[in-house]
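Thanks for passing this one along.

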Amino acid sequence: MLKTHAILFMLYFLPIYGNQVLAQTPSNAIVGEWVNEKGDAKFKIYRKGDSFYGDITWGTGGPTKDVNNPDPAKKERDLVGLTILNDFKYEGKNLWSSGTIYDPKDGKTYSCKMTLKKPNQLEVRGYLGVSLFGRSEIWTRVN
């Protein structure tokens, strides 16, 4: 009977405690390696000073060179190793914003924000102008 009560107690309070931990996320919580929804590219997010950046570390989901870049001088650069997430600031409440994301599939740079939905689930939203006009993708942390 005591074991049953202990299990019920944990099942009741674990979701509440888990949400509190997520709500108190430290700014470095997104640092690490992530894979995109399709599983065809990996990214390393890191901190430099007070800002966060991200590089392609594996796969590209397409060509291996930056062929869609509008700058002819950049069309031959490798995508693996390219920094595509730039200048993100931690805003609190699991949100990193004020950054940009470069999309090698169209050669354009977009405003971007990232929201940690779960400890291993990051929503990356690129947009033009306001966040309403954009596209989101869920990245999963690589263990």
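**Notes on the predicted model**

1. The protein chain has one helix and eight strands, with helices (H or I, at least four residues) and strands (E, at least two) taken as DSSP runs numbered from the N terminus. Starting at the N terminus, the order of elements is α-β-β-β-β-β-β-β-β.

2. A word on ground rules. This is a predicted model in which residues are numbered from 1 along each chain as its sequence is written, and local features need pLDDT of at least 70, side-chain atom pairs count only at pLDDT 80 or more, while totals for chains, interfaces and linings use all residues. Side-chain values rest on heavy atoms, with hydrogens and water left out.

3. On confidence: the mean pLDDT (the predictor's confidence in each residue, from 0 to 100) of the protein chain is 86, and 83% of its residues reach 70 or more. Over residues 2-23, pLDDT is below 50, and this stretch has eight contacts in the model beyond near neighbours in sequence; contact means heavy atoms within 4.5 Å. Where pLDDT is low, the predicted coordinates should not be read in detail.

4. For the chain as a whole, 34% of the 143 residues count as buried; here buried means under 20% relative accessible area, exposed over 50%, and partly exposed in between (1.4 Å probe, protein chains only). The chain exposes about 8,900 Å², of which carbon and sulfur atoms supply 59%; these areas come from the Shrake-Rupley method with a 1.4 Å probe, and for residues only the protein chains shown count as cover. Among contacts between residues at least 6 apart in sequence, 38% join residues at least 24 apart.

5. Do have a look at the largest pocket, which has a volume of about 500 Å³. On a 1 Å grid over the protein atoms alone, a pocket is an open set of points where a 1.4 Å probe fits, with protein on both sides within 12 Å along at least five of seven lines, and lining residues have an atom within 4 Å of a point. Grid points are joined across faces, edges and corners, and the volume is the space filled by probe spheres set on the points.

6. Which residues lie nearest the centre of this pocket? They are Ile101, Asp103, Lys105, Arg135 and Glu137, out of 28 lining residues. Strands S5 (95-103), S7 (121-127) and S8 (134-141) each supply at least two residues of the lining, and S8 gives the most, with five. By class, the lining has 13 nonpolar, six polar and nine charged residues, where Ala, Val, Leu, Ile, Met, Phe, Trp, Tyr, Cys and Pro count as nonpolar, Asp, Glu, Lys and Arg as charged, and the others, Gly among them, as polar.

7. Leaving out residues up to four places away in sequence, its contacts include Phe43, Leu79, Ile84 and Pro104. Its C-alpha is 6.6 Å from that of lysine 44, 12 residues away in sequence.

8. Lysine 93 and asparagine 94 make an interesting pair to check. Lysine 93 is in the loop between S4 and S5, and asparagine 94 is also placed in the loop between S4 and S5. Phi is near 50° for lysine 93, and about 65° for asparagine 94. Most residues other than glycine have a negative phi. Lysine 93 counts as exposed because its relative accessibility is 76%, whereas asparagine 94, at 9%, counts as buried.

9. Asparagine 94 turns up again among the contacts of threonine 115, together with Leu95, Gln121, Leu122 and Glu123, residues up to four places away in sequence not being counted. Threonine 115 belongs to strand S6 (residues 108-118) and, at 15% relative accessibility, counts as buried.

10. Finally, arginine 141 sits in strand S8 and counts as buried, since its relative accessibility is 18%. Setting aside neighbours within four places in sequence, arginine 141 is in contact with residues including Ala29, Trp34, Pro119 and Asn120. Arginine 141 and leucine 122, 19 residues apart in sequence, are 7.8 Å apart from C-alpha to C-alpha.
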